[in-house]
Amino acid sequence: MALLYSLCCVSFSALVIVALYVSPVVSTSRRVLGDYGKLENGFRVTLKHVDSSKNLTKWERIRRGIKRGNHRLQRLNAMVLAASGDSAEVQAPIVAGNGEFLMDLSIGTPPNSYSAILDTGSDLIWTQCKPCTQCFDQSTPIFDPQKSSTFTKLSCSSDLCEALPQSTCSDGSCEYLYTYGDYSSTQGVMATETFKFDSVSVPNIGFGCGEDNEGDGFSQGAGLVGLGRGPLSLVSQLKEPKFSYCLTAVDETQKSLLLMGSIASANESLGEMRTTPLIRNPSQPSFYYLSLQGITVGSTRLPIKESTFALEDNGSGGVIIDSGTTITYLEQAAFSVLKKAFILEMKLPVDTLSSTGLDLCFTLPSGSTQVEVPKLVFHFDGADLDLPAENYMIADSSSGVICLAMGGSSGMSIFGNVQQQNMLVVHDLEKETVSFIQTQCQNI
């Protein structure tokens with residue numbers, strides 16, 4: 001089955017792909033979530049893409065995101081190797097780190113504002129702290145715990161200290177070391193502080209006060225906010241079993257959103273909700289694993305063995321949903337089948353010369369304003385996710401190509417944020433489910 005799409009020229013020499021199909025009915029009225037976005041048991045914060053402040057074209061942002069995504073994929077694979085005992089080189093526990101979206105928040109009393117990278121692939125909340133033995137440059141003042149009346153160091157016997165992958169004890173205080181797969185790291189003391197999200201202040205949040213922070217990839221923000229499934233993450237510490245986000249396309253001026261607590265599911269009436277269960281991986285307990293059972297391109301269910309996406313007994317393989325990875329990566333055998341299906345269905349010449357950073361591109365017909373692309377459906381357990389065309393095809397008028405926004409991987413597969421754009425993605429940790437509602441983020 002093919003869909004007809006309109007192409008129209010916009011700024012930055014990019015092309016917008018507009019699907020000519022009937023989407024779920026969405027209310028155009030803005031929902032009021034209380035003063036400053038606050039409800040009794042939750043809050044909302046806006047997110048911005050890490051490259052939003054840079055004067056970049058859409059394709060430059062995509063290429064930068066793909067490069068970061070490749071590095072992140074390497075980190076994730078290193079984590080799997082470390083957990084399975086297959087790597088002799090790994091000396092310390094590794095976490096994913098980095099991400100594609102920033103959130104604004106404040107720490108301490110009086111509050112000290114900064115931006116942090118949002119990461120659904122890790123748990124620890126941390127920021128740079130004085131005195132710094134080594135800190136990277138950040139646009140806001142580095143947090144000074146001596147100037148905050150609510151800063152308290154955590155003891156070595158605290159639950160959060162014991163939840164760390166690696167810690168030491170110094171003068172009764174808990175010290176941490178978080179190592180990332182590219183050998184970046186953050187090291188410092190564990191403490192509790194009052195954090196402020198938009199207008200909502202939350203006391204006694206455990207975090208890492210980083211005094212030695214090394215490596216690439218952190219300079220977009222002044223630290224990380226982990227939203228993983230482990231006890232150190234923000235969602236776990238808030239004891240709010242739900243959070244959701246809606247991510248806009250990388251070239252959109254509209255801000256993305258993060259909703260925590262009761263308001264995370266307050267917008268479930270926006271459209272049809274498709275729900276799939278979460279899977280637990282004991283060797284990687286922080287990740288949100290999904291059961292991907294198959295993929296349809298056009299009207300054909302691809303001949304991919306269901307075991308291709310299965311989680312192995314040693315913790316390898318499987319599929320995670322991740323906001324911090326730009327494009328979707330499929331296990332290489334499955335991606336090869338997918339590529340062949342798209343080449344067959346697109347009926348356009350394969351482009352081998354452009355430097356888009358993507359594996360499969362096609363040459364656009366000269367002067368064309370419309371192009372047919374095949375439907376793409378991800379068959380998750382209990383949820384068939386029929387993606388809008390702009391969530392998997394990206395066109396570029398300057399180079400005259402249209403590309404599949406997906407790639408291949410070895411072992412783990414990742415459902416990335418391009419495929420999630422303009423969807424409300426609801427994580428329910430109590431029911432252990434993830435739900436998808438196709439919408440426009442400005443309607444939330």
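## Asp119, a buried residue

Asp119 has a relative accessibility of 0%, so Asp119 counts as buried (buried means under 20% relative accessible area, exposed over 50% and partly exposed in between, with a 1.4 Å probe and protein chains only). This is a predicted model, in which local features need pLDDT of at least 70 and side-chain atom pairs count only at pLDDT 80 or more, while totals for chains, interfaces and linings use all residues. Residues are numbered from 1 along each chain as its sequence is written, and side-chain values use heavy atoms, leaving out hydrogens and water.

You will find Asp119 in strand β6, residues 112-119 (strands, E, are DSSP runs of at least two residues and helices, H or I, of at least four, numbered from the N terminus). Its side chain makes a polar contact of 2.5 Å with the side chain of Arg72. A polar contact is a pair of N or O atoms within 3.5 Å; within protein, one must be able to donate a hydrogen and the other to accept it, and residues adjacent in sequence count only if both atoms are side-chain atoms.

## The active-site pair

Which residues does UniProt list under "active site"? The unreviewed entry places this feature at Asp119 and Asp322. They span 204 residues in sequence, yet no two of their C-alpha atoms are more than 8.2 Å apart, so they gather at one spot. UniProt positions are given in the numbering used here, feature names are shortened, and annotations may be inferred rather than shown by experiment.

Asp322 sits in the loop between β20 (319-321) and β21 (328-331). With 1% relative accessibility, Asp322 counts as buried. Not counting residues up to four places away in sequence, Asp322 touches several residues, including Arg72, Asp119 and Gly416 (contact means heavy atoms within 4.5 Å). The side chains of Asp322 and Thr120 are joined by a polar contact of 3.2 Å.

## Around Asn213

Strand β12 (residues 200-214) holds Asn213, a buried residue with a relative accessible area of 2%. The side chain of Asn213 has a polar contact with the side chain of Gln128 at 3.3 Å, and another joins the side chains of Asn213 and Thr186 at 2.6 Å.

The protein chain averages a pLDDT of 84, and 84% of the residues score at least 70; pLDDT is the predictor's confidence in each residue, from 0 to 100. Over residues 9-39, pLDDT stays under 50, and over residues 87-94 pLDDT also stays under 50. Where pLDDT is low, the predicted coordinates should not be read in detail.
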